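Here is a short tour of one protein model. Keep the sequence and the 3D view open while you read.

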Amino acid sequence: MDLTAYAELAVRLVNSADSGEEHADRLSNAETFRALVADRSHLHGQITRSDVEALRQLREELTSIFMVSAEGDEPTVAERLNALLIRYPVHPVISGHDNQPWHLHLSEGGSVADRYAAGAVIGLATIVTQLGADRLGVCTLASCHGVFIDASTNRSRRYCSEHCASRANVTAFRARRRTGATGPASTAAG
Ligand SMILES: [Zn+2]
Ligand SMILES: [Zn+2]
């Protein structure tokens, strides 16, 4: 399995927080956690209140790592991820299921929360070492706290979602119309 795919768990965890707009916190109890991982069958299972607390704590730490990366402080990104790699070690297991060839699952040990955490952390560590420590981004839209992995070839991604990119375009368009400016079209959707 491509390890960078595990990084999606980190993005999903951070973005489960109340983004400051219409979303509510999507990690407030066991029920909301189950909804968060509904499409990830290997993360289904018993989840306790302390598991949820541990994941909420990890969410804070991962959020700060995305912010530090967006600021370009690469040594701090590596230092904080190294601390998390110690706390949430992977437990690789050779697995064969659904007619797939034998392959490694990286986080089969411990509770559902431990497996989620280990996957999220190894995923970010893989992004940082394969793409760069400045690839973890925070949405440029002022009203959004969403994060993303910038996998673009020219490091040009600025928004966490298409939704935010198009909202930024609309805002820029209105601002241009208000000032009567006729400059080149905005490339805000990058
Ligand atoms: Zn598998
Ligand atoms: Zn956003």
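Start with helix α1 and its buried residues: A7, L9, A10, V11, R12, L13 and V14. The model is a predicted one. Of the 8 residues of α1, 7 are buried, so the helix is largely enclosed by the rest of the structure. What do the buried residues of α1 pack against? Their partners are α2 (30-36), α3 (49-70), α5 and β4 (147-149).

Two packed helices are described by the angle between their axes and the distance between the axes.

| Helix pair | Angle between axes | Distance between axes |
|---|---|---|
| α1 and α5 | roughly 115° | within 6 Å |
| α1 and α3 | about 100° | 9 Å |
| α3 and α5 | about 10° | 10 Å |

Take α1 and α5 to begin with. Helix α1 spans residues 7-14, and helix α5 spans residues 112-130. Their axes cross at roughly 115°. That makes α1 roughly perpendicular to α5. The crossing of α1 past α5 is left-handed. On the α1 side, the contact is made by A7, L9, A10, R12 and L13. On the α5 side, Y116, G119, A120, G123, L124 and I127 take part. Sorted by class, this contact of α1 with α5 has 8 nonpolar, 2 polar and 1 charged residues.

Now turn to α1 and α3. These two pack at an angle of about 100°. Helix α1 is therefore roughly perpendicular to α3. From α1, the contact uses A10, V11, L13 and V14. From α3, it uses L55, L58, R59, L62, T63 and F66. The classes here are 8 nonpolar, 1 polar and 1 charged residues.

The last pair is α3 and α5. Is the arrangement roughly parallel or roughly perpendicular? With an angle of about 10° between them, α3 is roughly parallel to α5. Helix α3 brings D51, L55, L58, L62 and F66 to the contact. Helix α5 meets them with A113, Y116, A117, A120, V121 and L124. The residues of this contact divide into 10 nonpolar, no polar and 1 charged.

**Ahead of α1**

T4 lies in the segment before α1. T4 has a relative accessible area of 19%, so it counts as buried, the cut-off being under 20%. Which residues does T4 contact, leaving aside neighbours within four places in sequence? They are T126, I127 and Q130.

**The zinc ion**

Move on to the zinc ion (ligand 1). Its protein donors are H97, H103 and H105, each through NE2. They lie 1.9 to 2.1 Å from the ion. In sequence, the donor residues are spaced H-x5-H-x1-H. H97 is partly exposed at 28% relative accessibility. H105 is buried at 15%.

Look next at strand β1, residues 93-95, where I94 is found. I94 is exposed, at 63% relative accessibility. Not counting residues up to four places away in sequence, I94 touches W102, H103 and L104. H103 is one of the zinc donors. The C-alpha atoms of I94 and L136 are separated by 30 Å, and the two residues are 42 apart along the chain.

**Two positive phi values**

N99 sits in the loop between β1 and β2 (103-105). N99 is not a glycine, yet its phi is positive, at about 60°. N99 is exposed, with a relative accessible area of 85%.

R155 lies in the loop between β4 and α6 (162-179). Its phi is near 50°, a positive value in a residue other than glycine. Is R155 buried or partly exposed? R155 is partly exposed, with a relative accessible area of 41%.

Technical notes:
Residues are numbered from 1 along each chain as its sequence is written. Chains are lettered from A and ligands numbered from 1 in the order in which they are written. This is a predicted model: local features need pLDDT of at least 70, side-chain atom pairs count only at pLDDT 80 or more; totals for chains, interfaces and linings use all residues. Side-chain values use heavy atoms; hydrogens and water are left out. Axes are lines fitted to C-alpha atoms, for helices over the stretch in contact, and angles run from 0 to 180 degrees between N-to-C directions. Helices (H or I, at least four residues) and strands (E, at least two) are DSSP runs, numbered from the N terminus. Angles under 35 degrees count as roughly parallel, over 145 as roughly antiparallel, 65 to 115 as roughly perpendicular and the rest as oblique. A crossing is left-handed if the near helix is turned anticlockwise from the far one by less than a right angle, and right-handed if clockwise. Contact means heavy atoms within 4.5 Å. Ala, Val, Leu, Ile, Met, Phe, Trp, Tyr, Cys and Pro count as nonpolar, Asp, Glu, Lys and Arg as charged, and the others, Gly among them, as polar. Buried means under 20% relative accessible area, exposed over 50%, partly exposed in between (1.4 Å probe, protein chains only). Donors are N, O and S atoms within 2.8 Å of the metal (3.2 Å for Na, K and Ca); water is not among the atoms, so sites may look incomplete.
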